[in-house]
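Open the model in your viewer and keep the selection tool at hand. The tour goes from one selection to the next and says what to look for at each stop.

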Amino acid sequence: MPQSQAPAKPEPPRKEEQTPVENIEGRRRPGFSHELPEPVTQNNIGAVRPPPPEAFPTDQIPVPDRWRLIESLGLVKEKWLDPYHQNTLKGDRPINRAKVPWLPIHGDDWFFAASAVSDTVFEPRTFPIPVGVQTTERPQSLDVFGKDASYVFSQTFIASASLFKGSTAFKPPEIEYKLSLALNVSYVNVPEKRVLSVKPSDPSHRADHFLGVQEAFVDYHLRNSSDRYDFESIRIGIQPFQSDFRGFLFNDQQLGIRFFGNRDDNRFQFNLAAFWRLEKDTNSGLNDVTQRPRDDLVFVANAYRQDFLIPGFTSQLTAVYNRNRESHRIQIDDNGFPVRPALLGDLRGRDYDVVYLGYNADGHIGRLNLTASLYGALGQDRNSFFTSRPAQIRAYFGAAELSYDHDWMRFRLSGLYASGDKHPYDDVETGFDAILENPIFAGADTSYWIRQSIPFAGGGRAIAISGRNGILNDLRSSKDEGQSNFNNPGTALIGVGGDFDVTPTKRVSVNANHLWFADTTVLETLRNEGSIPKNIGWDLSAAAIWRPKATQNIVVRLSGAMLLPGNGFRDLFANKSQDRHYYSILANVIVSY
């Protein structure tokens, strides 16, 4: 019988291996507990027990406002002379009503913004200066034209103050009051008499000063039209307004009322405005509120649409109506020269109605930047100075500037055409003129032709071919004080230029523009000449701009321009110096606060 075997001992149960706590995100093995962390101990000897909850007010907690919180923490200290950091005088923080109890404001969202600008200009230049009919500065030098070198020193101080309500970082102000005053002090020295004053006995130099009111308006927020702060507002008073992107038609600071706003997340903007033009000081160009406003009204309606016709491109449609009724009002400027009516033709006063219809565009097409303007002028001149009869106004204007950016360089191509009057003695005036132009185009005021006023010697008394800070050859007595004139030779321009950002604080710009008269029939008629060529000449300019702080608070500019006369210009100003070149130098320092 086989020997029996003892039964085997059962093996002890194996301790199951620990598996990860979370095999599947969001799930945990049942019955598993994490090991507790080491106990935290705190030993603050002498610590102050926190006050009980009942020590705090139940309705509010005394925390400084969000604008002054960092100052309360000692992180920043406000300096009123510092425009770069938080500054109550610059509108960065609301007004502390406790410090100005005399100010009639309510609420904690009133702001005050002050600004000050010093604009210094020194400008030596040469331009054709006719010799006065009575005398000249130097005996035995009677010629058609005299010496041409002169210089201007002009110092302008601008002070602005604005009081407004609302958090304007993300919405328009609920109401705003603004006042801007400008003080101009100037000294001019020219080589001939009767240039600065109508009196031959007055010297050929002049010191002058004038204080003008450039802004004085109330801006009231009517309503929000969407939860993204699309809005409608109204502004009443002396205010700046520019009818197009580059200031070709109407760019001024005038007395008016303006209803404006936007829609569709600010992709659509509109303006409805009416302006009653103020008289200007002759030598500074500032508003003169001591004189009765002109009988000259401007009505504007325009609409902007962003990303139309293509993304990155803004289109504008505009209609401007200029109603002038100054035929029975004679205006003599501060230097004694007549400005209304202009001393051309029959010398009679004029009334006119003209409507400008225009399309303007600004933006980019891919890497090409484009600005363009097209205008048609339609209306009636109640008294053409050539015929003394009413005449229809039918004129047109077009300008475009194309630029291309490559790294730190921008290259520009500019073109402009303003129609001229081919038949002065018919009943249609086809020379284009603006209301008050101040163009930023083709080199702007660096350009000789835009910067200087060229007199129309021999064809009109106290008349200029083109006005200062203007590009149109409009034969006006004054761009600021005269009337628009649609009997003019017109303007044509083709130019190239470049801007070069040499460093973040230094820019160099160059421009070369070729200018023509669109048609010289009006000039030939007024001068009693059989033929005057169209070629005005080449306008060459260069400018250097330095911003030492890499901001717009300090800007130093030095520019030089030269006009190389063409045969048309030499024909108009033929004398012993007919072949010389004309120059303009501009030294400008702008300091802003």
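Two strands count as paired if DSSP finds at least two bridges between them. Helices (H or I, at least four residues) and strands (E, at least two) are DSSP runs, numbered from the N terminus. This is a predicted model, in which local features need pLDDT of at least 70, side-chain atom pairs count only at pLDDT 80 or more, and totals for chains, interfaces and linings use all residues. Residues are numbered from 1 along each chain as its sequence is written, and side-chain values use heavy atoms, with hydrogens and water left out.

**Stop 1**

Select residues 409-418 and residues 491-503. These are strand 15 and strand 20, which pair in the antiparallel sense over 10 bridges. To check the pairing, pick Phe411, whose bridge partner in strand 20 is Gly498. Strands of a sheet pair through backbone hydrogen bonds, either parallel or antiparallel.

Asp499 stands opposite Ser509 of strand 21. How many residues does the hairpin between strand 20 and strand 21 pass through? The hairpin joins the two strands through 2 residues.

**Stop 2: Ser414**

Stay in strand 15 and select Ser414. Is Ser414 buried or exposed? Ser414 is buried, because its relative accessible area is 4% (buried means under 20%, exposed over 50%, and partly exposed in between, with a 1.4 Å probe and protein chains only).

Show the side chains of Ser414 and Glu401, which make a polar contact at 2.8 Å. A polar contact is a pair of N or O atoms within 3.5 Å; within protein, one must be able to donate a hydrogen and the other to accept it, and residues adjacent in sequence count only if both atoms are side-chain atoms.

Not counting residues up to four places away in sequence, Ser414 touches Ala400, Glu401, Phe441, Ala442, Leu493, Ile494 and Gly495 (contact means heavy atoms within 4.5 Å).

**Stop 3: Ala442**

Move to Ala442, one of the residues that Ser414 touches. Ala442 lies in the loop between strand 16 (428-429) and helix 2 (448-451). With a relative accessible area of 2%, Ala442 is buried. Phi of Ala442 is near 55°, a positive value in a residue other than glycine. Most residues other than glycine have a negative phi, and most peptide bonds are trans.

**Stop 4: the nonpolar patch**

Select Phe308, Leu309, Ile310, Ile365, Leu368, Leu402, Tyr404, Phe411, Leu413, Ile494 and Val496. They form a nonpolar patch on the surface, with about 960 Å² of accessible area together. Patches are made of residues with over 30% relative accessible area and no salt bridge, where like charges are joined within 9 Å and nonpolar side chains (Val, Leu, Ile, Met, Phe, Trp, Tyr) within 5 Å. A salt bridge is a side-chain nitrogen of Lys or Arg within 4 Å of a carboxyl oxygen of Asp or Glu. Accessible areas come from the Shrake-Rupley method with a 1.4 Å probe; for residues, only the protein chains shown count as cover.

Strand 14 (391-406), strand 15 and strand 20 each supply at least two residues of the patch. Phe411, in strand 15, counts as partly exposed because its relative accessibility is 38%.

**Stop 5: two cis peptide bonds**

Look at the bond between Phe308 and Leu309: this peptide bond is cis, with omega about 15°. Leu309 is in the loop between strand 8 (296-305) and strand 9 (313-325). Then go to Arg340 and Pro341, which are also joined by a cis peptide bond, with omega near -5°. Pro341 lies in the loop between strand 11 (338-340) and strand 12 (351-365).

**Stop 6: strands 5, 6 and 7**

Select residues 231-242, which are strand 5; this strand pairs with strand 6 in the antiparallel sense over 11 bridges. Gln239 stands opposite Gln254 of strand 6. Strand 6 also pairs with strand 7, antiparallel and over 9 bridges, and Gly256 has Phe275 of strand 7 as its bridge partner.

The hairpin of strand 6 and strand 7 has 4 residues between the strands, and Asp264 there takes a positive phi near 55°. Finish at Asn266, in the loop between strand 6 (251-263) and strand 7 (268-276). Phi of Asn266 is positive, near 70°, and Asn266 is partly exposed at 36% relative accessibility.
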